[in-house]
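Me: Could you walk me through reading a few features of a protein model? I'm new to this.

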Amino acid sequence: MANKNRLGELLVREKLISLSQLRQAQEETQKSGQNLGHTLAKLGYVSDEEITNFLSNQYRVPTVNLEEYEIEADILKLVPKEPCERHKVIPVSRTGNSLIVAMADPTNLNAIDDLKFLTSYNIEPVIASETAIANAIEKYYNAGPSYEEVMAGFEEAEIGAADGDEEINLLELEKATEDAPVVRLVNMMLLNAIKKGASDIHIEPYEKMMRVRYRVDGVLAEEMTPPLKLKNAITSRLKIMASLDIAERRLPQDGRIKLKLGKGREMDFRVSVLPTLWGEKVVMRLLDKGNLQLDMTKLGFDQKPLDDFKWAITQPWGMVLVTGPTGSGKTTTLYSALSELNKVAHNISTAEDPVEYNLNGINQVQMHDEIGLNFAAALRSFLRQDPDILMVGEIRDFETGEIAVKAALTGHMVLSTLHTNDAPATISRLLNMGVEPFLITASVNLVLAQRLARKICADCKQPATYDRKALEDCGFSPEQIAGAKLSKGAGCRTCGDKGYKGRVALYEVMRFADNLKDMVLQGASTAELKAAAIKNGMMTLRASGIRKILDGVTTPEEVIRVTIAD
């Protein structure tokens with residue numbers, strides 16, 4: 001406590017914080033039990049960097065940037081995880097008889113004595129922020145075994161060539177799935193995918209090889225190539241985890257795996273098994289409710305499109321349609337809209353296939369086509385449930401489209417998705433399904449098209465120059481080219497040398513104004529509708545992408561990859 005007070009007094013004396021800020025932070029530390037420096041940074045009074053630099057100058061102890069430092073496995077073995085977490089320290093390197101240890105508080109003599117007793121080394125402290133140390137502990141001590149370490153658990157005989165016509169003995173297969181190396185290999189696949197922020201895992205058998213690919217930020221990349229001999233054991237292990245039938249190898253199967261990751265965090269894997277020519281292909285979609293972004297202002301909307309979207313979903317009735325290909329973030333946008341509308345006064349029901357995330361206060365229904373529970377049947381049932389707001393996972397046919405439109409016309413807010421290339425094409429799609437033009441113009445409030453583009457990695461972002469012709473082809477105006485300061489990622493450890501980390505949404509929001517309704521009634525084409533919508537102020541997907549390029553969020557290559565030219 002004396003050390004905490006000492007740090008606070010020094011920060012006040014150097015005028016880095018005020019006395020009232022110190023008192024508030026001290027009250028917070030008494031409740032949370034956290035370090036004073038960490039609490040001051042969390043409250044936004046000083047940054048982690050300012051505190052580490054201040055402590056470094058005060059105690060004449062050097063600082064270390066743990067994000068740029070690779071700690072060797074031999075060093076980590078010297079100090080177990082538990083004392084590192086207890087004292088907020090991590091060993092960094094060794095020189096002779098001294099162990100260099102990163103500490104949030106270099107005056108913590110208890111920690112230094114403990115480490116000295118534990119390792120028999122002289123302890124030389126260096127300073128790092130508590131947040132950086134916590135991240136490093138998570139990274140190094142929770143990393144799990146490497147692929148090479150897992151494969152070392154198999155005997156040579158277990159990983160020979162596979163015979164394509166071999167008889168499958170179910171008892172042997174069940175036994176193989178409980179074999180420790182197989183269990184470790186499958187667990188490693190799942191946990192690595194979580195750590196790398198993958199959205200999907202693909203496990204694919206071929207004639208002479210097997211490969212595992214992860215989809216990270218929308219792009220598939222090969223992760224590992226397990227021995228072909230293990231294909232049945234790996235597939236069966238996943239099927240057992242997903243409560244599927246391991247004896248059925250000729251028909252597709254769908255299931256779910258739920259992993260508990262500690263600290264109350266759960267991860268769902270939606271499992272799809274498909275029989276292929278060389279065995280069963282398994283694809284798993286990762287659903288992390290903890291990462292579900294339900295705050296609309298953080299999804300990537302520009303202000304005017306966001307205002308239009310909020311206006312549309314808060315109308316007493318009507319339809320709001322979200323369009324885009326699979327994996328473009330439509331579900332997240334719809335869930336964020338439902339989250340905004342989720343009030344005690346509203347009765348909200350959703351028909352989904354599948355239900356991806358569970359949302360409190362919303363009645364979610366899973367579709368089962370095999371027993372006749374499809375979107376149309378669910379919608380009919382919803383209308384007898386005294387609804388205010390309805391969400392239909394997808395309008396796939398005339399029947400669903402007609403019921404959704406009629407629900408919107410009878411005083412309900414209806415949210416749904418369609419698969420079209422852009423917002424204006426959505427109207428043509430409804431017309432092609434057979435929905436009458438006058439019903440569309442009377443019910444639709446707004447159409448939103450979206451794509452996901454990869455963001456430039458913040459850790460290796462640097463200025464970039466592009467050929468003028470390339471920018472013109474992308475859709476930049478001469479004025480935009482003249483003032484453009486563009487960026488790209490050089491590639492670093494954080495982003496796996498890709499130059500991109502995370503994704504941002506590009507939006508095309510078409511408010512269904514009166515002039516557009518008149519054009520639909522007169523039989524206008526999609527191109528004419530698009531031209532009129534742009535005149536009304538609609539920003540196209542490509543224009544939204546160019547705005548994000550100019551803001552330094554993404555690159556021209558990425559925008560060209562996910563959008564078509566206007």
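Reply: Let's begin with strand pairing: two strands pair if DSSP finds at least two bridges between them. Strands (E, at least two residues) and helices (H or I, at least four) are DSSP runs, numbered from the N terminus. This is a predicted model, where local features need pLDDT of at least 70, side-chain atom pairs count only at pLDDT 80 or more, and totals for chains, interfaces and linings use all residues. Residues are numbered from 1 along each chain as its sequence is written, and side-chain values use heavy atoms, leaving out hydrogens and water.

Me: Which residue is the bridge partner of Q253 in β8?

Reply: That's V273. β7 and β8 (residues 266-276) pair in the antiparallel sense over 8 bridges. They belong to an open sheet of 6 strands, ordered β6-β5-β4-β9-β8-β7. β6 (219-224) and β7 (253-260) are its edge strands, each pairing on one side only.

Me: Which residues of helix α15 are buried?

Reply: Buried means under 20% relative accessible area, exposed over 50%, and partly exposed in between (1.4 Å probe, protein chains only). In α15 (residues 375-382), the buried ones are F375, A376, A378, L379 and F382. Seen down the axis of α15, they fall within an arc of 165° (taken from the directions from the helix axis to the C-beta atoms), so they line one face of the helix.

Me: What do they pack against?

Reply: Contact means heavy atoms within 4.5 Å. The buried residues of α15 pack against β11 (348-352), β12 (363-366), β13 (389-392) and α16 (398-409).

Me: Is T441 buried or exposed?

Reply: Buried, at a relative accessible area of 9%. T441 sits in helix α18 (residues 437-443), and touches F512, K517, V520 and L521, not counting residues up to four places away in sequence.
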